[in-house]
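Here are my notes after a first pass through this one. Have a look at the model, then go through the points in order.

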Amino acid sequence: MANTTHEYFLILIPIALGIIGTILNSFALIYFFGIPAAKLPDRLLTLLAITDLIICLLHPVTNILVAQQSSCGNHDNLSNFSWKKLAADEHVLGISDKMCLAGYLLAITIVALSIGYSGFITMTLSVVRTIAIVWPFYRVQKSVLYASLATMYLLSFLLYVLLGFTENSLVFAKVSFIIFLVLCVILGASSAISIYRLHFSSKSLSEERRQENTRAATTVAILSAIFCVTNTVAWLFNIIRTKNNSSSLTILIYAFLLNSVLNPVVYIVRKEKMRVSLATKIRSAFSLN
């Protein structure tokens, strides 16, 4: 009975986080889509909210499948199942089990790519903000930027597929962690450059413009810090669990979900217009009742 209660508890927490994250990111998307002639940073935040929404919707589903792994061919370690094992038709009892496992792998693949892509978007947002502060008259080419993001996503997909077919899952975990560390180094460097420039080299700017840049740079720095802290916990845990051949995904799921839930909270806290829009929608909803 105690084990059953513990299992339900581990399932309910990701579901609760997923629901909260879905609501917050949905509101963020409604706000960002409603901005007329949105600037590049807001478009990047829109992309980030979309990836966070995907993570909040699908990550709890994969957690439920892992917890109830008997529903997928009685596989004894679903969290370590791979496309290669599915292609080889291992541990599959029938067509329904194979479809269940394929659905799980598809969901976890989309989640993994979304987690990586959120890092690329956060990095891009940080670099774009740094460029705007250091070279205020330089205009980033949006078409080039979007093409770069699309290329990053394609390369991430190819890398994920290739590593997903390797026999050594520890290689996958280590390569993913190295990519994550590179992202964090870029995030830290761009944030440090922005802060230095704003505090020591922005005397030529008006006070209003300086405050606007400082607030925007601080928001990006907070998003960067949340990404690096939560993902450090997640990827280190992933390496440890892979070395120990553990099927536990608890900390991994909580860390990734927490990142996607906290991001829209940062938007709401840091953006006054979003808070006003949220308050207006809540009042309208209650007035209709």
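1. Reading along the sequence, you get the pattern α-α-α-α-α-α-α-α-α. Keep in mind that this is a predicted model. In total, the protein chain has 9 helices and 0 strands.

2. On burial and surface: the chain has 289 residues, and 43% of them count as buried. Its accessible surface comes to about 15500 Å², with 69% of that belonging to carbon and sulfur atoms. As for contacts, if you take those between residues at least 6 apart in sequence, 76% join residues at least 24 apart.

3. Which residues have the most contacts inside the largest nonpolar core? They are Phe32, Leu44, Leu45, Phe227, Tyr267 and Met274, in a core of 46 residues. Two or more core residues come from each of helix H1 (2-33), helix H2 (40-67), helix H4 (95-134), helix H5 (142-164), helix H6 (169-200), H7 and helix H8 (250-270). As background, nonpolar side chains tend to be buried together in soluble globular proteins.

4. Phe32 is a handy place to start browsing. Setting aside neighbours within four places in sequence, Phe32 is in contact with Asp42, Leu45, Thr46, Tyr267, Lys271 and Met274.

5. How many salt bridges does a search of the whole structure find? The search finds 1. Asp42 pairs with Lys271, and the closest N and O atoms are 3.4 Å apart. Asp42 sits in helix H2 and Lys271 in the loop between H8 and helix H9 (272-288), so the bridge ties together parts that are 229 residues apart in sequence. In general, side chains of opposite charge can pair when their charged atoms come close.

6. Are the two partners buried or exposed? Asp42 has a relative accessible area of 16%, so it counts as buried, the cut-off being under 20%. Lys271 comes in at 24% relative accessibility and therefore counts as partly exposed.

7. Last stop, Thr230, which is found in helix H7 (residues 207-243). Thr230 is buried because its relative accessible area is 9%, under the 20% cut-off. Its side chain makes a polar contact of 3.5 Å with the side chain of Asn231. Beyond neighbours within four places in sequence, Thr230 is in contact with Ala255 and Asn259.

Key. Residues numbered from 1 in each chain as written. Predicted model: local features only at pLDDT ≥ 70, side-chain atom pairs only at ≥ 80, totals over all residues. Heavy atoms only, no water. Helix = DSSP H or I, 4+ residues; strand = E, 2+ residues; numbered from the N terminus. Buried < 20%, exposed > 50% of the residue type's maximum accessible area, 1.4 Å probe, protein only. Polar contact = N/O pair within 3.5 Å; in protein donor to acceptor, adjacent residues only side chain to side chain. Contact = heavy atoms within 4.5 Å. Areas by Shrake-Rupley, 256 points an atom, 1.4 Å probe, with all protein chains shown as cover. Core = buried A, V, L, I, M, F, W, Y, C linked by side-chain atoms within 4.5 Å. Salt bridge = Lys/Arg side-chain N within 4 Å of Asp/Glu carboxyl O.
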